[in-house]
Amino acid sequence: MTARPATVEEVGRHVGASVELRGWLYNRRKAGKLQFLIIRDGTGFLQAVASEADLPPEVFELCRSLGQESSILARGVVRADPRSPGGYELSLTGLEALQAAEEYPISLKEHGADFLLDHRHLWLRTPRQHAIIRVRAEVIAACRDFLDGQGFLLVDTPILTPAACEGTTTLFETGYFDTTAYLAQSGQLYNEAAAMAFGRVYCFGPTFRAEKSRTRRHLMEFWMVEPEAAYLDFEGNLTLQEAMIVHIVERVLAKRRAELERLERDTAPLEGVRPPFPRVSYDEALRLLEPVEPLAWGEDFGAPHEVAVAGHFDRPVFVHRFPAKVKAFYMKPDPERPDVVLGADLLAPEGYGEIIGGGERLADHETLRRRIREHGLPEEAFRWYLDLRRYGSVPHSGFGLGIERVVAWLCGLEHIREAIPFPRLLNRIYP
RNA sequence: UGCGGAGUAGCUCAACGGUAGAGCAGCCGGCUGUUAACCGGAAGGCUUUGAGGGUUCGAGUCCCUCCUCCGCAGCCA
């Protein structure tokens, strides 16, 4: 009988057939003349049963001696068997080892965060990490499909930039031949240029922040989707964000339910993520906070404030019209109340905090110049940006969605470090 | 940077100021349906508990300095 290559994912289509799996030995349990090998091939995990009675002695011995994560070619007959986790198993007829792994460091027992992060390159092989990374891929695909479907054009923005978007204190500096460059902390300013060229655009890529923050929601390097649209006003921007979040959640629920189950994520709160999302002004938020986390007008939200406000709602909530002085220079002041800006943060429920920040941009040339000066930013560096207000300036809005925070929320993660394949944390850049 | 917690076997953790231990992994053996399998055995700490100093008859344990990690806060997505 010839063995056809197959993947664990599609093994159910090969019941009764002889197949070859190309993968790794995830675990083995021994029971005398039987051995249960858990084989993973990247698409899933499958139990293979090695029976001493049905195998040449040297193959049975090979099964016995191979270490965890040895690379193997496993041949056998696919059977449906309720005793097997997953419902299918492979009756082993042959096994070949490409490389026999010894003393694999990550056992199936518990490990600490530091140890696992040091072995992130191997940690990624576990079922839990598979589930998270698959959800992440789905979130990214959902963002792009949604925006493509809404007429947004992908326009990439640079990672090496000459100056700060929001000041230089949180920028990673790097050499650029004879001068200095900074790693982008946002594609927004370039996005605005692209929006004036193409109307509706978005960028998607890694962003870098040299903030010395060590919390469960911060990465030094994280991925952000940033749509920007000409002729989009503040309200339209909120509606767009709402539709996009609903799209992402629905798609993950539809296509990655098995992964959420593996993560033991209670999906009930996610099922309730439907429009409209509540909208709370900064002033209203202060009133909500009064009894629990009082905040003086003019102060920016801290993490406890975000959690307290979001705790009032069963779905994401917009907090809008923050005091102008705590927000970035490019935000448009509310024409009816110039001490607040037409910006909004979207706070995820269940304590996950801000997942989107955005708003309507300042379109007036002179006001923008003044704000740049007021923020102590070098006007020269923003000459090209100011040009956008000199040559056909229009009302426009946009936002940035943090991929890892959305993934952490949807997966119910305790820490954002699991939401990205190789997290860059404060004092950690290995592996 | 501030506050709090923790560094003991490869991993996860015990040990009142009084002889450093267990589970898991690895190794040897047993078991034909295991589900992080289980059972038995030997070994594993270079006089050794992150590093250095101090108190004490005696320090993993108490004190000081430093290092590393974790949590929280600030900042933000």
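The structure, a predicted model, holds 14 aromatic pairs, where rings of Phe, Tyr and Trp (its six-membered ring) pair if their centres lie within 6.5 Å, and where planes under 30 degrees apart count as stacked, over 60 as edge-to-face and the rest as tilted. The rings of phenylalanine 301 and phenylalanine 322 form an edge-to-face pair, because their planes stand at 75° with the centres 5.5 Å apart. This pair links distant parts of the chain, 21 residues apart, with phenylalanine 301 in the loop between helix H9 (282-289) and H10 and phenylalanine 322 in the loop between S14 and S15; helices (H or I, at least four residues) and strands (E, at least two) are DSSP runs, numbered from the N terminus. Both phenylalanine 301 and phenylalanine 322 are buried, a term that means under 20% relative accessible area, with exposed meaning over 50% and partly exposed in between (1.4 Å probe, protein chains only).

Tryptophan 384 and tyrosine 385 are also edge-to-face, since their ring planes lie at 75° and their centres 5.9 Å apart. Tryptophan 384 counts as partly exposed because its relative accessibility is 28%, whereas tyrosine 385, at 0%, counts as buried.

Eight strands form an open sheet of mixed pairing, in the order S7-S11-S12-S19-S18-S17-S14-S13, where two strands pair if DSSP finds at least two bridges between them. Its edge strands, S7 (153-154) and S13 (279-281), each pair on one side only. S13 runs parallel to S14 (residues 317-320), joined by three bridges, and the bridge partner of serine 281 in S14 is histidine 320. Helix H10 (residues 303-310) packs on the sheet, touching S14, S17 and S18, with contact taken as heavy atoms within 4.5 Å.

After H11 comes glycine 376, with a positive phi near 70°.

Residues are numbered from 1 along each chain as its sequence is written, chains are lettered from A and ligands numbered from 1 in the order in which they are written. Because the model is predicted, local features need pLDDT of at least 70 and side-chain atom pairs count only at pLDDT 80 or more, while totals for chains, interfaces and linings use all residues, and side-chain values use heavy atoms, with hydrogens and water left out.

Conventions. Axes are lines fitted to C-alpha atoms, for helices over the stretch in contact, and angles run from 0 to 180 degrees between N-to-C directions.
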